[in-house]
Amino acid sequence: MIEVKNLSKAFTLHNQGGAMIEVLCNAHLFVAPGECVALVGASGTGKSTLMRIIYGNYLALSGTIRVGGVDVTRVTPREILALRREILGYVSQFLRVVPRVPTIEVVAEPLLALGVNHEVARTRAAMLLENLNIPQTLWNLSPTTFSGGEQQRVNIARGFAHSYPALLLDEPTASLDSRNREVVLRLIEAAKTRGAAVIGIFHDEAARTRVCDRELNVSRFSPQTAL
Amino acid sequence: MTLLLSVQGLTKRYGARIGCTNVSFDLYRGEVMGVVGESGSGKSTLLNCLAGYLSTDGGTVLFDTRAEGLKDMLTMSEPERRQLARTDCAFVHQHARDGLRMGVSAGGNVGERLMAGGARHYGQIRASAIDWLGRVEIDENRVNDRPTTYSGGMQQRLQIARNLVNGPRLIFMDEPTGGLDVSVQARLLDLLRKLVRDLHLSAVVVTHDLSVIRLLSDRLMVMKSGEVVEAGLTDQVLDDPQHPHTQLLVSSVL
């Protein structure tokens, strides 16, 4: 489902003397449907960078990335947007929303973008929010004023609103209490059962061993080691 | 998705100076494209050329007309062009007073666009004007008031209603949230996003506010000295900028 080949990435900082920072060199990764792969490695080794390149948020320097048959490194912005709408979901560590939009609409939005009926989308959103223990009194408020943990859960609900065939999860269980952590792990397990390919970054080791089938140490792709 | 607007090599010179040069892009139905750059970078020149407010010195602007398919807006006859501007294109100005008739009631401002499109039934015109005021969150009992009695944010919303009432497919926006305070800005952004999604609108939005563009647009063009220096997916251009000028813009955000 997700296939990364010979991927390299470097950042060139033109306004800081043209400094070039190499992050990844010749990265390889393959994730089958129904499989969950954990990216591990010390902070700064490029776990999030790799994830962002797969999502099309960062540009690759070279190499190919195929997600469901689409090569992310070669397609137009509009094809990446279609990919993100239909196939590839991403739960980041931060919630970025338009202020003033009610939480339930934030969660329903990915479904609305797919043309799902408004009522159906809201029902699905309500179910997720309830599972993730967001009190109903908050559903019609904007999440911008929520606590860190609540925002994180809203973010997760949004990421799981549509049944994406491929999912990228950046620290989905960070800043959650044990009850909510359990809910999130069940969501991930359910996604795997229905055949989703998942790539995750988990600092929580117990969570990682429970949902992930394999670990991939990203430091293998550090330019220093590769040379 | 269908192609709505295709711009190739658009150039505008002010004498020896460059307004914008060799700008090319495609815009599809339902797509929002942002144009950012410092003041003087040519982004407003570009928008005014596209909207037909300025003459151009080269290039083509193909628009998918309802009757004849793709047609060059720059070479079509004036009546044809005005017809297109009345029915399919809309322009939201930075200052609402540039896009509104300040001496005419709010309802009249919205209704005028319908009349320009051929509507004559007063009751129906008034009803759709009231409907549209509601959609942009203006209370029905303000329909007979002039825009001069409105706040800045309300004027901007009225301008949007006036522009969208006759169902255009393409909307040009010049700093739509400029000059509004932040809470009003958030409300307007929310409204614009909803309208774009529900009506399947395409838009070209010019702004210097990178956070506005991140929330509003799918794609982004960065301009400098009249040239497009970088273009791509909005979050990619903002999070992993490649061109020195884009890196400078992004790193300058407070």
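In the predicted model, buried residues account for 47% of the 254 residues of chain B. Chain B comprises 10 helices and 10 strands. The C-alpha trace of chain B extends over about 55 × 45 × 35 Å along its principal axes. Contacts in chain B were also sorted by sequence separation. Of those with a separation of 6 or more, 64% join residues 24 or more positions apart.

Chain A was described in the same terms. It holds 8 helices and 9 strands. The radius of gyration of chain A is 18 Å, close to the 17 Å that the globule rule gives for 227 residues, so chain A is as compact as a globular protein of that length. Its C-alpha trace spans about 55 × 40 × 35 Å along the principal axes. Buried residues form 43% of the 227 residues of chain A. Among contacts in chain A with a separation of 6 or more, 72% link residues 24 or more positions apart.

The two chains touch. On the chain B side, 23 residues are in contact with 16 residues of chain A. Four elements of chain B each supply at least two residues to this side: α7 (182–199), β10 (227–233), α9 (234–239) and α10 (244–251). The greatest share comes from α7(B), with 6 residues. By class, the chain B side divides into 8 nonpolar, 5 polar and 10 charged residues.

Helix packing within chain B was examined around α4. Two packed helices are described by the angle between their axes and the distance between the axes. Helix α4 (residues 106–116) of chain B packs against helix α6 (residues 152–164) of chain B at an angle of about 25°, and their axes lie 7 Å apart. An angle under 35 degrees counts as roughly parallel, and α4(B) and α6(B) are therefore roughly parallel to each other. Their crossing is right-handed. On α4(B), the contact is made by A106(B), N109(B), V110(B) and R113(B). On α6(B), L158(B), A161(B) and R162(B) take part. The residues of this contact comprise 4 nonpolar, 1 polar and 2 charged.

Helix α4(B) also packs against helix α5 (residues 122–135) of chain B. Here the angle is about 120° and the axes are 9 Å apart. The crossing of α4(B) and α5(B) is right-handed. From α4(B), the contact draws on A106(B), G107(B), V110(B), G111(B), L114(B) and M115(B). From α5(B), it draws on I125(B), R126(B), S128(B), A129(B), I130(B), W132(B) and L133(B). By class, this contact has 9 nonpolar, 3 polar and 1 charged residues. A106(B) and V110(B) are listed in the contact with α6(B) and in the contact with α5(B).

Individual residues of chain A were then considered. I199(A) lies in strand β8 (residues 197–201) of chain A. It has 27 C-beta neighbours inside 10 Å; the threshold for burial is 20 or more, so I199(A) counts as buried. Leaving aside neighbours within four places in sequence, I199(A) is in contact with I2(A), V31(A), V37(A), L39(A), M51(A) and L168(A). T173(A) is 26 residues from I199(A) along the chain, and their C-alpha atoms are separated by 14 Å.

K5(A) belongs to strand β1 (residues 2–13) of chain A. With 15 other C-beta atoms within 10 Å, K5(A) is partly exposed. Beyond neighbours within four places in sequence, its contacts are H28(A), G63(A) and T64(A). K5(A) and N26(A) are 21 residues apart in sequence, with a C-alpha to C-alpha distance of 7.2 Å.

Backbone torsions were inspected at two asparagines. Most residues other than glycine have a negative phi. N6(A) has a positive phi, near 50°. N6(A) is placed in strand β1 of chain A. It has 12 C-beta neighbours inside 10 Å and counts as exposed. N22(B) also has a positive phi, of about 50°, although it is not a glycine. This residue lies in strand β2 (residues 17–28) of chain B. With 14 C-beta neighbours inside 10 Å, N22(B) counts as partly exposed.

Notes
Residues numbered from 1 in each chain as written. Chains lettered and ligands numbered in written order. Predicted model: local features only at pLDDT ≥ 70, side-chain atom pairs only at ≥ 80, totals over all residues. Contact = placed C-beta atoms within 7 Å. Nonpolar A, V, L, I, M, F, W, Y, C, P; charged D, E, K, R; others polar. Axes fitted to C-alpha atoms, helices over the stretch in contact; angles between N-to-C directions. Parallel < 35°, antiparallel > 145°, perpendicular 65-115°, else oblique. Left-handed = near helix turned anticlockwise from the far one by under 90°. Rg over C-alpha atoms; globule rule 2.2 N^0.38 Å.
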